[in-house]
Amino acid sequence: PEIVQLPPRPSLLGSFVKMAISGVLLAGVIICGLLLSIPDVTMLERCFTTSMFQVKLCAGSPNYVKLSEVSPYVIHAIIVSEDGAFYSHKGFDWHEISESVSTNLRSGKAARGGSTLTQQLAKNVFLSADKSVWRKVKEAYLANAIEKRYPKDFILEKYLNVVEFGPELYGVKAAARHYFQTEPANLHPLQAAYLAHLLPNPKVYSQGFRKGALTAFSRKSVSNILKRMNSFGKLNETSFESSLAM
């Protein structure tokens, strides 16, 4: 009988290697495509409209304020309440992230955030409000890129000009005029602490202002921020006591 010679069977190792190479190539293409969709952080040096709230971010616009024109109390209040390690971290506060994860696991919900001011800037300027994993990955990538390229004061200045302080109210200049009919440079400690306390949830926490009376929650939050400013040496005892008495 005629002998039929079968083709050699591919080795299991060879098949695995081919699959691995194909997987790596596919992953590389996907990653390259995703990275190309990430904005260029050098946009922060130009005039443009932010992604999150459609804020016009431009150093020459009437609503823009330089960091040197903002009351130091505002800067201190926001840092102690939002990102105490701002001037020492590289874009991520790993201790705060760890504490947030532990708190959220215990409560069973997202009760505490761990984003730095740099991460908040990246989100507000370049991204959207969705909570997808990919958005968080992009936020981390952008925060790292921002920290590598720009000094802290530049980052803080941009943050102060885009952050939300209430419904349709963006930037510290607009906030100072809306809440206190003054310029950012003139804000005293109590006013600064009030603006800082709004940041975690400005639409909700500003309701007391709109109703003409602070809520118990707002009073406690403002008091805690003043105490932290005092404990970190950013507010002397006299100013601290007088602010609490107002």
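**Note on a pocket and a disulfide**

1. In the second largest pocket, at least two lining residues come from each of α8 (189-198), α11 (216-231) and α12 (237-245), and α11 contributes the most, with four residues. Helices (H or I, at least four residues) and strands (E, at least two) are DSSP runs, numbered from the N terminus.

2. This is a predicted model, in which local features need pLDDT of at least 70 and side-chain atom pairs count only at pLDDT 80 or more, while totals for chains, interfaces and linings use all residues. Residues are numbered from 1 along each chain as its sequence is written, and side-chain values use heavy atoms, with hydrogens and water left out.

3. The volume of the second largest pocket is about 300 Å³. Its lining has 14 residues, of which Leu190, Leu214, Arg219, Val222 and Met246 are the closest to the centre. A pocket here is an open set of points on a 1 Å grid over the protein atoms alone, where a 1.4 Å probe fits, with protein on both sides within 12 Å along at least five of seven lines; lining residues have an atom within 4 Å of a point. The volume is the space filled by probe spheres set on the points, which are joined across faces, edges and corners.

4. One disulfide (cysteine sulfur atoms within 2.5 Å) is found in the whole structure, and it joins Cys47 to Cys58 with an S to S distance of 2.0 Å. Cys47 lies in the loop between α1 (12-36) and β1 (48-49), and Cys58 in the loop between β2 (56-57) and α2 (72-82), eleven residues apart. The link of Cys47 and Cys58 is right-handed, with 45 degrees about the S-S bond.
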